[in-house]
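This report describes a protein chain together with a DNA strand. The sequence and structure come first, and the description follows.

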Amino acid sequence: MKTISSKVVKKFITRSPSLLSSTASLTSIASFNVSNKAFPSSLLDDFAKFCYQRDLPRAMQALELMHTHCIWADCIAYSELIKCCLARRAIQHGKRVHVHLFSNGHVPKTFLINILINMYVKFGLLHDAQDVFEKMPDRNVVSWTTMISAYSAAKLNDKALEFLVLMQREGVRPNMFTYSSVLRACDGLFNLRQLHCCIIKIGLDSDVFVRSALIDVYSRWGQLENALRVFDEMVTGDLVVWSSIIAGLAQNSDGDEALRLFKRMKRAGFLAQQPTLTSVLRACTGHAGLVEEGLYYFHSMKELYGIDPGREHYGCMIDLLGRAGRLSEAVDLINEMECEPDAVTWRALLNACRVHRNVDVAIHAAKQVLRLDPQDAGTYVLLSNIYANSQRWNDVAEVRRAMTTRGIKKEPGCSWIEVCKQIHAFILGDRSHPQISEINIQLNQLIYKLMGVGYVPDTNFVLQDLEGEQMQDSLRYHSEKLAIVFGLMSFPRGQTIRIRKNLRICGDCHLFAKLVAKMEQRIIVIRDPVRYHHFQDGVCSCGDFW
DNA sequence: CCACTGCGTA
């Protein structure tokens, strides 16, 4: 079947757009006769034209005709059509294109199948994408990278990393696109170093995307020295690289350095965008001294950078004011928001209430969180604990009932630590670790030692403990305590103990970690789902606000 | 026949 060259059509369109009256072309389609010899190429002409003109209804009409007569256009026209489906979020049309492309045993080129996979990914239909990927005859680096980036974005990290291995096993070499995607899925405890070595070895570390992703992942896993090293080695950077390191410093509680770099960035001639400003505001939540600076940046965003504050910026400000104990200002801000506050916004306020023990506002905020995110187990537990603390037993029962009806299950607390390239997991109430007896003995000795210097287990964690209803005695079996002790047992003194946790750390464990860091002269880093805690010399980088 | 397209970061 003859296909027209899309380049010709493209040229034609750019030179004389007025000649392409789509109404006229549509009439010609309608009057087509199958026996007409001119029919196929002229139909394909029209199809290509409609695709380039982004005339989705007419392009689809032409496609249906082509489909009936088993003819196919060239792949560039289809790629334009799929772009158009994506832009209009026309899922059904997209699926129709898919059916057509594979009908009657026809197999499109790899290039086109890749576009189709990407279409499903961008529509959020990961299963369809996977299906097309699995059935395609030859997969190239783009096919693999598209799937890897989809998995990374969907937080299916194991899948993303598995695909990185599989593609290489099939002889397909990852490129800078692949690495910048897969880094997002990378677990800082485990394989980041390996990945970074591969990147350097094949010389992809100068790519700005890869560089930003490296900075981001090192920062996310608390390895700020490495993030800074990647940043400092930069010869040519861009806004995103700068934003990444500013975000990294802000995340790791080095607000002053983050702001210094922000100023340097401006001097280097880069204009901040939304994510940059989010990080700048986050940097200001670092300590009390930066509250005014944060307010200044927030209020001058529009004027200095032409950016209207979005949800993230409001969220940061609520966090910042909340942390400073300025709860009523935080409430005012949430009421002033132009965009509807989402669950994250309310959770920021709830968190401030939790730390500053404001029960009334906490209840209101928790209800808002649950209205917007009815699956948030932590907030149910927190709300029920608040009610319990005020002896409001009917309300407690109601929250519990809501949890049961909605099928919400509280995750057990779990902490992970890497020792000798092995990940050890400690789950609350789970005694399956081979050295659990030894760990418990050491833990009890440690608690005893700490009590000698004034440690009192904090059982009043009603407004703090998201792990909820454990009895006083089970405090000592909180997973992070077990992981800390195991870290003490496994590492020499100079080595940082790095722990990852699925739930927010409770007040007692936080105090425990601070005291252990001091007494044992260790640096302990715990990453919870929200932030980092660097324990050193009896203090935590979070300044007791988390 | 060739080259080209399509996949990525804060």
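Strand S1 (residues 414-419) pairs with S2 in the antiparallel sense over six bridges, where strands are DSSP runs of E with at least two residues, helices are runs of H or I with at least four, both numbered from the N terminus, and two strands pair if DSSP finds at least two bridges between them. Within this pairing, Trp416 has Ala425 of S2 as its bridge partner, while Ser415 is bridged to Phe426 of S2. The two strands form a hairpin with two residues between them, and Cys420 in the turn has a positive phi of about 50 degrees.

## Basis of the model

The model is predicted: local features need pLDDT of at least 70, side-chain atom pairs count only at pLDDT 80 or more, and totals for chains, interfaces and linings use all residues. Residues are numbered from 1 along each chain as its sequence is written, chains are lettered from A and ligands numbered from 1 in the order in which they are written, and side-chain values use heavy atoms, with hydrogens and water left out.

## The sheet and its helix

## The surface near DNA strand B

DNA strand B is surrounded by 32 residues, of which the closest are Ile76, Phe111, Arg184, Asp207 and Ser212; a residue is near the strand if one of its heavy atoms lies within 4 Å of it. Helices that each supply at least two residues of this surface include H5 (75-87), H9 (141-153) and H15 (239-251).

Among polar contacts, defined for this interface as pairs of N or O atoms within 3.5 Å, a polar side-chain atom of Thr145 lies 3.1 Å from a base oxygen of DNA strand B, and a polar backbone atom of Met176 is 3.3 Å from a base nitrogen.

Terms used. A polar contact is a pair of N or O atoms within 3.5 Å; within protein, one must be able to donate a hydrogen and the other to accept it, and residues adjacent in sequence count only if both atoms are side-chain atoms.
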